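Please look at the sequence and the structure below before reading on. The report that comes after them is meant to be read slowly, with the model open beside it.

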Amino acid sequence: QGITLQQPSAKSVDRYLNVWLPLVSSITKTCINHSTSTRLVPPGDVAWIWHCHRLAPFRYEDYTKRHYGQILDATAPFAFQTKEGEKPQYDGEKQSQDSANTQKLWNDHFPNEPFFLNEAP
C-alpha cells in the first residue's frame with residue numbers, strides 16, 4: 001500500500017488503470033469543453049504508480065494516446081493525499097480545495113471504490 005519500493009499491489013494497479021486514468025481523462029475533457037481548470041490530487045497508492053508510469057515518457061504517451069486519445073498530464077505531478085491529509089506541493093489552501101474536489105469527483109464517478117485503499121472492505 002502507498003508509496004514503497006516494493007512492487008505495487010494488484011489492487012493499486014487496478015485502481016490506477018481502471019479508476020484514476022479514466023477519471024483524469026473525463027475531467028480533462030470536461031475542463032477543455034468548459035474552459036475550467038481542475039487539479040486532481042490522487043491517493044498515495046495511485047500517485048506512486050502514476051509517477052512511475054510517467055518515468056517512461058514515450059510509453060506513457062503511447063498508452064494514454066491509445067486509450068484516451070491524448071496525453072493525460074499531471075498539473076501537480078508530485079502531489080498526493082493520505083488519510084491524514086495531503087502533502088502540500090503548492091499553495092496549501094488551494095491544494096486542500098483541490099484534494100476535496102478530487103475525492104468528490106472520485107466518489108461521484110466510482111462510488112463503489114473507496115478513495116483511500118486501506119478503506120476497502
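## Overall make-up

This is a predicted model, and the protein in it has four helices and two strands. Followed from the N terminus on, these elements run in the order α-α-α-β-β-α.

Of the 121 residues in the protein, 38% are buried, and the accessible surface comes to about 7,100 Å², of which carbon and sulfur atoms hold 53%. When contacts between residues at least 6 apart in sequence are considered, 66% of them join residues that are at least 24 apart.

## Helices α2 and α3

Two packed helices are described by the angle between their axes and the distance between the axes. Helix α2 covers residues 44-54 and helix α3 covers residues 57-68, and the two pack at an angle of about 110° with their axes 7 Å apart. Because angles from 65 to 115 degrees count as roughly perpendicular, α2 and α3 are therefore described as roughly perpendicular to each other. On the side of α2 the contact is made by Trp50, His53 and Arg54, while α3 contributes Pro57, Arg59, Tyr60 and Tyr63. Sorted by class, this contact has four nonpolar residues, one polar residue and two charged residues.

Is helix α2 mostly covered or mostly exposed? Helix α2 is mostly covered, since eight of its eleven residues are buried.

In one of them, the side chains of glutamate 113 and arginine 15 meet at 2.9 Å, taken from N to O. This pair links distant parts of the chain, for arginine 15 belongs to helix α1 (residues 10-34), whereas glutamate 113 is in the segment after α4 (92-109), and the two are 98 residues apart.

Which side of the cut-off do these partners fall on, given that buried means under 20% relative accessible area? Glutamate 113 has a relative accessible area of 12% and is therefore buried, and arginine 15 is buried as well, because its relative accessible area is 0%. Both residues also take part in a network of salt bridges that links Lys11, Arg15, Asp45 and Glu113.

An α-helix has 3.6 residues a turn, so residues three or four places apart point the same way. Lysine 65 is partly exposed, with a relative accessible area of 43%, and glutamate 61 is partly exposed too, with a value of 26%.

The side chains of arginine 66 and aspartate 62 also meet in a salt bridge, here at 3.0 Å from N to O. Because arginine 66 and aspartate 62 are four residues apart in helix α3, about one helical turn separates them. Arginine 66 is exposed, with a relative accessible area of 57%, whereas aspartate 62, at 41% relative accessibility, counts as partly exposed.

Conventions: Residues are numbered from 1 along each chain as its sequence is written. This is a predicted model: local features need pLDDT of at least 70, side-chain atom pairs count only at pLDDT 80 or more; totals for chains, interfaces and linings use all residues. Side-chain values use heavy atoms; hydrogens and water are left out. Axes are lines fitted to C-alpha atoms, for helices over the stretch in contact, and angles run from 0 to 180 degrees between N-to-C directions. Angles under 35 degrees count as roughly parallel, over 145 as roughly antiparallel, 65 to 115 as roughly perpendicular and the rest as oblique. Contact means heavy atoms within 4.5 Å. Ala, Val, Leu, Ile, Met, Phe, Trp, Tyr, Cys and Pro count as nonpolar, Asp, Glu, Lys and Arg as charged, and the others, Gly among them, as polar. Buried means under 20% relative accessible area, exposed over 50%, partly exposed in between (1.4 Å probe, protein chains only). Accessible areas come from the Shrake-Rupley method with a 1.4 Å probe; for residues, only the protein chains shown count as cover. A salt bridge is a side-chain nitrogen of Lys or Arg within 4 Å of a carboxyl oxygen of Asp or Glu.
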